[in-house]
Amino acid sequence: MTKKVAIIGAGVIGASTAYFLSKEESINLTIYDEGTGQGTSAAAGIISPWLSRRRNKKWYHMVKEGAAFYPTFLSEVMEGEEIPSSVYKQVGTLLFKKKEEYIHEMFTIGKKRKVDAPEIGDLAILSPEEIREKMPLYTGANSAVWASGGARVDGGRLVDLLLSKAQANGAHVVRQHVTFEKNTDSNDSTYIVKTKQSSKQFDSVILSASAWLPDLLMPMNYAVDIRPQKGQLVELQLTNWVTDDWPVIMPEGESDIIPFENGKIIIGATHENEKGFNLTIDKDMLNNMVLEGTTQFSNELHQAEISTYRSGTRAYTSDFAPFFGEVPDLPNVFAASGFGSTGLTAGPLVGQCLAQMVTSEPTTLPVEDYPIEDYIKKVN
Ligand SMILES: Cc1cc2nc3c(=O)[nH]c(=O)nc-3n(C[C@H](O)[C@H](O)[C@H](O)COP(=O)(O)OP(=O)(O)OC[C@H]3O[C@@H](n4cnc5c(N)ncnc54)[C@H](O)[C@@H]3O)c2cc1C
């Protein structure tokens, strides 16, 4: 029997889930996505979770496995063709710290973590000269930790790729805002998803709506522990340099530098907790961020033309931990949120887990480590 499944929200989580579910012949899949403020298409694109002091072991397990999953996942998606380097490429990561002792601390953390995470690749402390060999615009005098397994991903292009594969497998994509509710006309647990013009019944629904998850569940009397955080960044256009293989650069502070192909360089991002869903671009703030973030680099970088300003919304729980699973008291409704600033890293793997839950298979990540019932509660 064909099962009708809806996905609400097609950022990296929803689009990855869609890719997996679209391959199931017994599933008829519809994906709804409004798109405004989407975190995935605004994201900086860093996949490099290993060199961090954050102590949450379950979070680390998720992002470590998420980073390791990318190459395998994308090879599968590309069905033997080369992974487009405009979507994803392992270019390595350079991590800077203001104090030399912290560089050594991070290098030691990296060495320890490599035992369980060989995908971190080669680890080394690079001198300024060695850094310049990888990124010629570096003019600073500090050393940095190098991890060759670090990668960059273009979130918008990744989503486009995954949705195009899902559509090729027969999934329908509807670019509209929707609401959803229980189907009260039926004794079975089925659900209705409504656009302004129409409504459709589903056997199973995935809520991959990030910071907008409370809007979907509040009308059904759920309290959802999720808040939005605004993030802004800039895209610079460098001329005269081949940037395709430049590494991701993570200085201390907010201004990471993520080089893409054809001279495109992203600098960002801000973490603004008080702005809610506001997406207004603050050019003065961003121009200052570029100036501050590029002091250790040649003028060419901070004088480069800003081609685009981007703004998007992250989702956080009150204890900063992500969750996924079946929504309490809503059989066959699954949700995932709270991925904060590392959702691009975790996204494809969490998407696989959501798809596994729909098809009643064991999940790759242990669902009990990311308990949805701690964050989504029925209020009456
Ligand atoms: C500026 C910035 C930089 C970042 N940089 C990185 C990074 O370098 N590395 C990293 O790992 N992570 C990064 N992140 C975090 C990452 O982007 C997010 O954690 C991740 O994209 C979340 O994915 P998602 O699929 O849960 O949500 P989103 O990508 O936000 O997608 C949710 C989608 O659901 C849709 N939606 C919501 N409600 C409805 C509805 N009712 N009807 C229809 N559609 C709906 C929205 O329109 C949206 O398109 C960054 C985030 C920002 C904002």
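1. A quick definition to start: helices and strands here are DSSP runs, at least four residues long for a helix and at least two for a strand, numbered from the N terminus. With that in hand, note that this is a predicted model. An unreviewed UniProt entry annotates residues 4–357 as "domain: FAD dependent oxidoreductase".

2. Have a look at the open sheet of six strands, which runs in the order 9-2-1-13-21-20 with mixed pairing. Its edges are strand 9 (172–174) and strand 20 (323–326), each pairing on one side only. From one strand to the next, the twist averages 15°.

3. Inside that sheet, strand 1 (residues 3–8) and strand 2 (residues 27–32) pair in the parallel sense, over six bridges. If you want a spot to check, Ile-7 has Ile-31 in strand 2 as its bridge partner.

4. There's a cis peptide bond to look at, from Gly-268 to Ala-269, with omega near 15°. Ala-269 sits in the loop between strand 18 (264–268) and helix 8 (283–293).

5. Two loop residues have a positive phi without being glycine. One is Phe-320, at about 70°, in the loop between strand 19 (305–316) and strand 20. The other is Asp-329, at about 65°, in the loop between strand 20 and strand 21 (333–337).

6. Are those two buried or exposed? Phe-320 has a relative accessible area of 44%, so it counts as partly exposed. Asp-329 comes out at 56%, and exposed means over 50%, so Asp-329 is exposed.

Notes. Residues are numbered from 1 along each chain as its sequence is written. This is a predicted model: local features need pLDDT of at least 70, side-chain atom pairs count only at pLDDT 80 or more; totals for chains, interfaces and linings use all residues. Side-chain values use heavy atoms; hydrogens and water are left out. UniProt positions are given in the numbering used here, feature names are shortened, and annotations may be inferred rather than shown by experiment. Two strands pair if DSSP finds at least two bridges between them. Axes are lines fitted to C-alpha atoms, for helices over the stretch in contact, and angles run from 0 to 180 degrees between N-to-C directions. Buried means under 20% relative accessible area, exposed over 50%, partly exposed in between (1.4 Å probe, protein chains only).
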